[in-house]
Amino acid sequence: MKKIDAFILYSQPEQAATTVAELKQSKSIRNIFLLTPPDVKETLKGCKNIEIDSLYSCETVRKIARKCTSDFALLYQKSTVLRPGYFAMERMVQIAEDTKAGMVYSDYYATTDGEKKNHPVIDYQEGSLRDDFDFGSLILYRTKALKDAARKMRAEKYLFAGLYSLRLKISQQHLPVHINEYLYTEAEEDTRLSGQKIFDYVDPKNRQLQIEMEAACTQHLKEIGAYLKPKFEKIEFDKGTFEYEASVIIPVRNRVKTIKDAIASVLAQQTDFKFNLIVIDNHSTDGTTQAIDEFSADERLIHLIPDRDDLGIGGCWNFGIHHPKCGKFAVQLDSDDVYSGNDTLQKIVNAFYEQNCAMVVGTYQMTNFDMQMIPPGIIDHREWTPENGRNNALRINGLGAPRAFYTPVLREMKLPNTSYGEDYALGLNISRRFQIGRIYDVLYLCRRWEGNSDAALSIEKTNAYNFYKDRIRTWELQARKNL
């Protein structure tokens, strides 16, 4: 029988004792190590302590690699009790052996307030570069793959990006394998709704973590031949003839509570150039259409209702940018949100010329429905740098807002006809050839309320969205390798 060395994150004696007892029911478990903070002196019978600085550091990875003498290393990353399923360890080993995987992970059950629910995870792809990819908390590593990757990490000194770098290096030889079976049960500690979680990665308090993750991802891209040097095609802003210098584009469907605020914030813009507003009303049924028509006296407003019913947000954008009245620059505004001041449009257009870019991304502030600031506050994506932004873009889950585009480039590339990830796919595509400009002034108020389309997604919908974005990254990686 193939044997496993188990490594458990230690938090409390009772938690550790219960988890150890659960693991010892499997005859596959050979050794159990407790990953402890420096001040823990007690140990459990039959276990050995490993003092660590952080679960996620490179030094912890190296310690685990040195201590592991069995065929496989099992890492449990949560500080709550683990309850493996019947013959779960044996099943993980079997799949690892059959597929020759460097690491395997599985679906699991999550308990909240005594209620057990399914928590499926998604298949890993080459483009699954997000540092917050959900593997669950239980991962089985092939010891040889673990040790090989740890040797490649010998010069790395990350405090936060060690486990991230480990799985990137393992994935270079064999992609992690997802077992579509519920093999263990754990307590769910983060019970926030999806709309409250999606901005964790841009929380300013996580900046040092983001810097390390970027470094690890960039090194990975270099090692697999997908890294792009900071060399960009120059933009000549004289393609085509445009009646308007800029067009703000708002796709909307059933946003009667917010659309008038969005439109008013656009029409209040003060610029030294001619602009208009193109609203693509995607067959609203809640009074949104009538709310838009309240502004019909302003000739700058172009109210479009597509003659087809198969358009997502990306399709609505394509509909708008190919309209003959679309300006030289197409500027985004979501129907839930507003510009923060009457100079936003001017700042965005100026940035195109000043930074010679095909796309501009601004800074936004999180607010409640009444436009009062809420945590995490200002989202500026300062991890973006002109030299490495387009490489780091493959790791993060979004590029920021508001977004604006040089229309000839946009018309050439077009957006995917989806309602999630369409702007991210476009940004990656643009960054492959052109510089993306940044503005670090707050230009945009991003309103969070129960009506947001991502406010309370099911785990199945969240997984579908994440899988699609990973697919977008996979395609982009392949394109960059082909360069």
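Tutor: Ala-145, Leu-146, Ala-149 and Lys-152 in helix H4 meet Leu-166, Lys-169 and Ile-170 in helix H5; contact means heavy atoms within 4.5 Å. By class, this contact of H4 with H5 has five nonpolar, no polar and two charged residues. Here Ala, Val, Leu, Ile, Met, Phe, Trp, Tyr, Cys and Pro count as nonpolar, Asp, Glu, Lys and Arg as charged, and the others, Gly among them, as polar. Helices (H or I, at least four residues) and strands (E, at least two) are DSSP runs, numbered from the N terminus.

The model is predicted: local features need pLDDT of at least 70, side-chain atom pairs count only at pLDDT 80 or more, and totals for chains, interfaces and linings use all residues. Residues are numbered from 1 along each chain as its sequence is written, and side-chain values use heavy atoms, with hydrogens and water left out.

Two packed helices are described by the angle between their axes and the distance between the axes. H4 and H5 pack at an angle of about 115°, with their axes 9 Å apart. The axes are lines fitted to C-alpha atoms, for helices over the stretch in contact, and angles run from 0 to 180 degrees between N-to-C directions. H4 and H5 are therefore roughly perpendicular to each other; angles under 35 degrees count as roughly parallel, over 145 as roughly antiparallel, 65 to 115 as roughly perpendicular and the rest as oblique. The crossing of H4 and H5 is right-handed. A crossing is right-handed if the near helix is turned clockwise from the far one by less than a right angle, and left-handed if anticlockwise.

H4 (residues 143-152) also packs with helix H2 (residues 58-67): their axes come within 9 Å and cross at roughly 135°. H2 and H4 are therefore oblique to each other, and H2 passes H4 in a left-handed crossing. On the H2 side, the contact is made by Val-61, Arg-62, Ile-64, Ala-65 and Arg-66, and on the H4 side by Leu-146, Lys-147 and Ala-150. This contact has five nonpolar, no polar and three charged residues.

Back in H5 (residues 162-171), consider Ser-165. At 1% relative accessibility, Ser-165 counts as buried (buried means under 20% relative accessible area, exposed over 50%, partly exposed in between, with a 1.4 Å probe and protein chains only). Not counting residues up to four places away in sequence, Ser-165 touches Met-153, Glu-156, Tyr-158 and Ala-216. With Glu-156 there is a polar contact between the two side chains, at 2.7 Å. A polar contact is a pair of N or O atoms within 3.5 Å; within protein, one must be able to donate a hydrogen and the other to accept it, and residues adjacent in sequence count only if both atoms are side-chain atoms.

Ala-216, touched by Ser-165, lies in helix H7 (residues 207-224). Ala-216 counts as buried, at 2% relative accessibility. Beyond four places in sequence, the residues that Ala-216 touches are Tyr-158, Ala-161, Tyr-164, Ser-165 and Leu-168. From Ala-216 to Lys-229 there are 13 residues in sequence and 16 Å in space, C-alpha to C-alpha.
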